[in-house]
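Biologist: Can you take me through this model? Please put up the sequence and structure before we start.

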Amino acid sequence: MIEELDIRGSAVLWCMTVNVATHAVLMSTPSDPLPPIDWTTIPFPSDRWSLGEARKRSDGDVEGLTNLIHTLVSNERTVAAHAMIHELSDNADRRRVGDVLLDVETKTLAAQYVELGIARGKHHAKQLVDDLIAAARANVPGKSDRSRD
């Protein structure tokens with residue numbers, strides 16, 4: 001279930017704080033390197049969103065428009081990256097942390113999709129986020145080279 005979140009308020013800041021605090025846990029280590037991500041292989045829901053829509057949502061303010069687009073792209077990449085890391089990781093602790101982060105991040109991203117008009121409602125937003133996660137996991141670099149239990 002998707003909870004209501006104010007994407008302009010503390011939810012995004014909290015999510016970003018969690019990401020920074022757990023970044024070291026999720027990123028690769030010398031003994032468990034993760035391949036670089038080719039972001040062009042993942043279809044993002046915002047790819048279908050127009051610059052005109054973004055301008056309307058930012059009231060034409062250039063700084064607001066820049067922040068809006070940056071936040072959206074950053075949130076989508078974070079969800080995709082954590083889905084990929086979870087898919088690649090053999091480390092149970094890393095996967096557990098990834099599950100918690102994905103839960104928070106997907107709620108934040110889904111709320112953003114609804115607020116920006118990318119999704120028609122909560123159910124559609126959840127579907128878009130689930131599709132993004134599935135696409136990210138399907139495009140994991142080096143997946144066939146790695147084994148998981």
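Modeller: A definition to begin with: helices (H or I, at least four residues) and strands (E, at least two) are DSSP runs, numbered from the N terminus. The model is predicted, so local features need pLDDT of at least 70 and side-chain atom pairs count only at pLDDT 80 or more, while totals for chains, interfaces and linings use all residues. Residues are numbered from 1 along each chain as its sequence is written, and side-chain values use heavy atoms, with hydrogens and water left out.

Biologist: How many helices and strands does the protein chain have?

Modeller: Five helices and zero strands. From the N terminus the order is α-α-α-α-α.

Biologist: And what share of the residues is buried?

Modeller: Of the 149 residues in the protein chain, 42% are buried. Buried means under 20% relative accessible area, exposed over 50%, partly exposed in between (1.4 Å probe, protein chains only).

Biologist: Let's go to α5. What span should it have, and why?

Modeller: Helix α5 covers residues 122–138, which is 17 residues. The expected span is 1.5 Å times one less than the number of residues, so α5 should span 24 Å, and its end C-alpha atoms are 24 Å apart, which agrees.

Biologist: Which residues of α5 are buried?

Modeller: His124, Ala125, Leu128, Val129, Leu132, Ile133, Ala135 and Ala136.

Biologist: How do α3 and α5 cross?

Modeller: The axes of α3 (residues 62–88) and α5 come within 8 Å and cross at roughly 50°. Axes are lines fitted to C-alpha atoms, for helices over the stretch in contact, and angles run from 0 to 180 degrees between N-to-C directions. The pair is therefore oblique: under 35 degrees counts as roughly parallel, over 145 as roughly antiparallel, 65 to 115 as roughly perpendicular and the rest as oblique.

Biologist: Which residues meet there?

Modeller: From α3, Glu76, Val79, Ala80, Ala83, Met84, His86 and Glu87 meet Leu132, Ile133, Ala136 and Arg137 of α5. Contact means heavy atoms within 4.5 Å.

Biologist: New topic, Lys107. Buried or exposed?

Modeller: Lys107, in helix α4 (residues 92–116), is buried because its relative accessible area is 15%. Its C-alpha atom is 8.1 Å from that of Lys126, 19 residues apart along the chain.

Biologist: What about Gln112, buried or exposed?

Modeller: Gln112 also lies in α4 and is buried, with a relative accessible area of 2%. Gln112 and Leu68 are 44 residues apart in sequence and 9.9 Å apart in space, C-alpha to C-alpha.
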